Amino acid sequence: MTDTVEVRRGIYHDSVTLMQVSRDVAAVEGVTAAQVAMGTELNLELMRGDGFQLPPGTGPNDLVLAVRAVDDDGLGRALAALEQALTASSAGGGGSFGDEPPPHTVGSATRRAGGADLAVVSVPGPHSFTEAMDALSAGLSVLVFSDNVSVEAEVRLKDEAARRGLLVMGPDCGTAVVGGVGLGFANAVRPGPVGLVAASGTGAQQLMCMLDTREVGVSHCLGVGGRDLSSAVGGRSTRAALALLDDDPSTELVVLVSKPPDATVAADITAYARTLRTPVLLALLGEGQDDLTTVAQRAVEAVGVEWREPWSWDEQPPPPPGGSLRGLFAGGTLCDESMVIAAAALGEVRSNIALRPEWSLGPDLRSAGHTMLDLGDDRLTQGRAHPMIDQRSRLDRIAVEAADRSCSVLLLDVVLGHAAHPDPAAELAPALAAARATAAADGRALAVVVSLCAAVDDPQSPRGQADQLHAAGAAVFLSNAAAARHAVSLVTGGSR
Amino acid sequence: MTLLDGAPRVVAVGAQMFSDALAAQAVEVTQVDWRPPLGDSGTEVHLARVLADPRHGPANAEAVDRMLTAGAELVDVRPASEALGLGRGEFLHAGPPIGWDRASGPLRGALVGAMLLEGLAGTAEESEAALAKGDGVSLDPCHHHRTVGPMAGVVSPSMWMFELRDPVHGGSAWCSLNEGLGKVLRYGAYGPEVVERLRWMSAVLGPLLQTAVRSHGTVDVKAIAAQMLQMGDEGHNRNRAGTLMFLREILPDLIGSGAPTADVAEAARFIGSNDHFFLNLGMPACKLAGDAARDVPGSSLVVAMARNGTDFGIQVSGTGDQWFTGPADTPEGLFLGAFGPEDANPDIGDSAITETGGIGGFAMAAAPAIVKFVGGEVADAIEATRLMYEITLAENPVYQVPVLGFRGTPTGIDATLVTRTGILPHINTGMAGKVAGTGQVGAGLVNPPAEIFPAAVAALAELAPPLGLEP
């Protein structure tokens, strides 16, 4: 048995409160007796009767805490409960009216935060429609980060937005910049004349970062969701976003970034774009199209700035040519662009988001020949965080590829910016160094190429990230297309 | 003002990291305290379907507007046989439909007392036998007759009823006269003093009130309800100010009725000493509001909450007369004399119509005198009312809470909001003894069973236009 008696002078609680506190503490596991009371003669007598030793001079103005427990652990729990009960009894009592409860719905939050104009919805996909609809009903435009939203639900949301003069960004919209504020995953780009309408999150990030290398800023980047230009959705948000940017005085040039759209929708949108006062540059992604770096060059030159190749740090000893290229991506569009470039030189590139159905990987996703994985694909992120935040899936895969004798070149993207991992290189650099050591121990060379999607003001310090990755043996490129070409050149042994 | 003018002001729901990233950019962001909805998996699909229904928003706006604008005037006092056409052996009861076999103690006790009152049986045993056999007796919910009854809510043909009219939407509603507290029929007591009191109410009080109301002209019950909230009543567990205001209104006409002075004095004493006399006027006033909001296709507004001592049921504007029921919970609260929690019957009565109409537990912050029911502190009462704004569609322009800066009470429970937030309506209530014949044992708080709200949402989803929501 362990007793403790503590006397606190000058603290008063009424007897009803203290009886409740005593009861709460006595209920703690391992406590055999607890008396918390003011030191009146009656109370002191009761405590003595219970066998507690009281310090001399204890009087009616003292709060006496007397607790007996079976062991020290029990006593510790009792004292913690005692503090909690005493704190609770002094907070919010008497005349305090307390705080308003937190808002439980978007509608309620909108009424509280008078003047809100945008909702960011990232609840699990099946729940996102309800929150997004609530936001529209409350008069807010909405960015739906969530995926797994049906196309019918998407159309319903976008029709409601049109009716109310609002914009739906998404679903599955990972990136937006509105009024200089990055939403979702967004790089810290400077304000400027180029407005983006993007059906691709990492595509928009890459383009903004390429503009950033030439100090060309972005007015707004409005995501529309990857399906917006499909025939089912019909470019509903693209049209609304184009109209918003056309009315925006700071936007001098609009770049529309999308995978090749449905032909009818493309014709509609192109015709619509011609009616706008602001010039619109159409940037379609895929085989036979300009890569994002080239699109950035066109945009930079269109606003009257000289283009230069983006910065890179590629002084690493090249391995002997041959072997397989393995790409491990967090950004879907970056993976896609790399595959287009690689396939043009190397032919078949297997993937979980393959360019052609016959190049799809099996269900176990084991690499076979030249292989690129989009680790941020919906099917690989269920129940876990996106690889831009949680790199474990990629770190594991790096080790797997390093142990594969056929793998000669690793190609990775590292996406910086708001909401991304605070220091990805700190985890990747040791993993890459270990991968190279594994290969070296096996008598092989393993080259590593990194596409660093970053703006100079990103919170992770792009330069520091590049230094760490380079020190681990990686060649580092700001341009994803340049990184892909370099990786291909290492496999073919040709000049890039 | 468009989205692109200046930095956005953001409401965020979901991953906290996005709010953190916005806060790091010095953006004003309000984070929603989101949680998965009530009910089984599949509720989210029903919710989406209901919110996708183009009728939903306008329907809710229409329904709650009708609820808020409904008036409530006392126009007459008449026996149930005349006002409701109740025939011999026909009884009304509180809550969703139920038969004798599933009826709880207090409902059985009240029915026994009504049998005795109507002279359909000579003893309690004979009453029970006849009720069990259904011999010459029939039961029907008050709500199916535009009527509400507190606790057991039993109405029999000879009981006198307040008759209220909604001059705005044209509805009518009825409620019996309140008997007082303690051993009374509505709490399931049926002893000789209970039946004797009811006989006096039918013979003396009812006719007197009829004469007085007819001579006075309509009494604006809604106006009294609005004032009582500013005088420390919440209209469910505290009706003291309302009762006295009603008595003040009607007293000159009682005196002027020409009835024997002793009868007038007895009636005035009975009304004035019964702190809950006004409950039976506030309830039909709220019933008028709920009924005005009925039958708006697509609306998820709750238009009735009622309990029969076994089941708790709700009705929703967009699903007609369908009841969504679950087991009634047992209230928590304070007990009279030596009674304790083990003596209490599960929740019973149509009086949750007050919370449906935006008073009662929803106006808890207006009634600091009864905060002991909600945890003892004024702050608890204020928190209780504030939380209800999360599940209601409007702030009542007439019913106001002084301590919240005369903010309108949270009014118009939305079944989708309850389902989404998991916040259950907060109901103040009396507690009946579970053994028939006991009477009142206490008063306190209760919530509806959670599952009835997603059930209502599922039914609304069935009625909504199809929308493929599977990805």
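**Helices, sheets and a chain contact**

In helix α14(A), the buried residues (20 or more other C-beta atoms, placed from the backbone, within 10 Å of their own; exposed is 12 or fewer, partly exposed in between) are A:Pro424, A:Ala425, A:Leu428, A:Ala429, A:Ala431, A:Leu432, A:Ala435, A:Arg436 and A:Ala439. The model is predicted, so local features need pLDDT of at least 70 and side-chain atom pairs count only at pLDDT 80 or more, while totals for chains, interfaces and linings use all residues. Residues are numbered from 1 along each chain as its sequence is written, and chains are lettered from A and ligands numbered from 1 in the order in which they are written.

Helix α14 of chain A covers residues 424–441, which is 18 residues. Helices (H or I, at least four residues) and strands (E, at least two) are DSSP runs numbered from the N terminus. From first C-alpha to last, α14(A) reaches 26 Å, close to the 26 Å expected at 1.5 Å a residue (1.5 Å times one less than the number of residues). The cover over the buried residues of α14(A) includes α13 (392–402), β17 (407–415), β18 (447–453), α15 (462–471) and β19 (474–477) of chain A. After α14(A) comes A:Gly443, with a positive phi near 75°.

β17, β18 and β19 of chain A are among the 7 strands of an open sheet with mixed pairing, in the order β13-β19-β18-β17-β14-β16-β15 (strands pair if DSSP finds at least two bridges between them). At its edges stand β13 (312–313) and β15 (350–351) of chain A, each with a single partner strand, so one side of each is left without a neighbour in the sheet. Within the sheet, β14 (residues 324–329) and β16 (residues 371–374) of chain A pair in the parallel sense over 4 bridges, and A:Phe329 has A:Asp374 in β16(A) as its bridge partner. Helix α11 (residues 332–346) of chain A lies across β14, β15, β16, β17 and β18 of chain A, and runs at about 165° to β14(A).

Most residues other than glycine have a negative phi, and most peptide bonds are trans. A:Ala419, in the loop between β17 and α14 of chain A, is not a glycine but has a positive phi of about 75°. This residue counts as buried because it has 26 C-beta neighbours inside 10 Å. In the loop between β18 and α15 of chain A, A:Ser461 also has a positive phi, near 60°. Is A:Ser461 buried or partly exposed? With 16 C-beta neighbours inside 10 Å, A:Ser461 counts as partly exposed. A:Pro171 is placed in the loop between β6 and β7 (175–178) of chain A.

In contact (C-beta atoms, placed from the backbone, within 7 Å) are 48 residues of chain B and 59 residues of chain A. On the chain B side, the elements giving two or more residues are β1 (10–13), α1 (16–24), α2 (43–52), α13 (378–388) and α14 (415–421).

Which strands form the open sheet of 5 strands with parallel pairing? The order is β6(A)-β5(A)-β4(A)-β1(B)-β2(B). β4 (residues 118–121) of chain A is joined to β1(B) by 4 bridges, and the two run parallel; A:Val121 has B:Val13 as its bridge partner. On to β2(B), β1(B) is joined by 3 bridges, again running parallel, with B:Ala12 opposite B:Gln31.

Elsewhere in chain B, β15 (residues 392–401) and β16 (residues 407–413) pair in the antiparallel sense over 5 bridges, B:Thr392 having B:Ile413 as its bridge partner. These strands, β15(B) and β16(B), form a hairpin with 5 residues between them, and B:Gly405 in the turn has a positive phi of about 70°.

Chain B also has crossing helices. The axes (lines fitted to C-alpha atoms, for helices over the stretch in contact, with angles from 0 to 180 degrees between N-to-C directions) of α7 (residues 192–216) and α9 (residues 240–255) of chain B come within 8 Å and cross at roughly 105°. α7(B) and α9(B) are therefore roughly perpendicular (65 to 115 degrees; under 35 is roughly parallel, over 145 roughly antiparallel, the rest oblique). B:Leu208, B:Ala212, B:Ser215 and B:His216 in α7(B) meet B:Ile250, B:Asp253 and B:Leu254 in α9(B).

How values were computed. Two residues are in contact if their C-beta atoms, placed from the backbone, lie within 7 Å.
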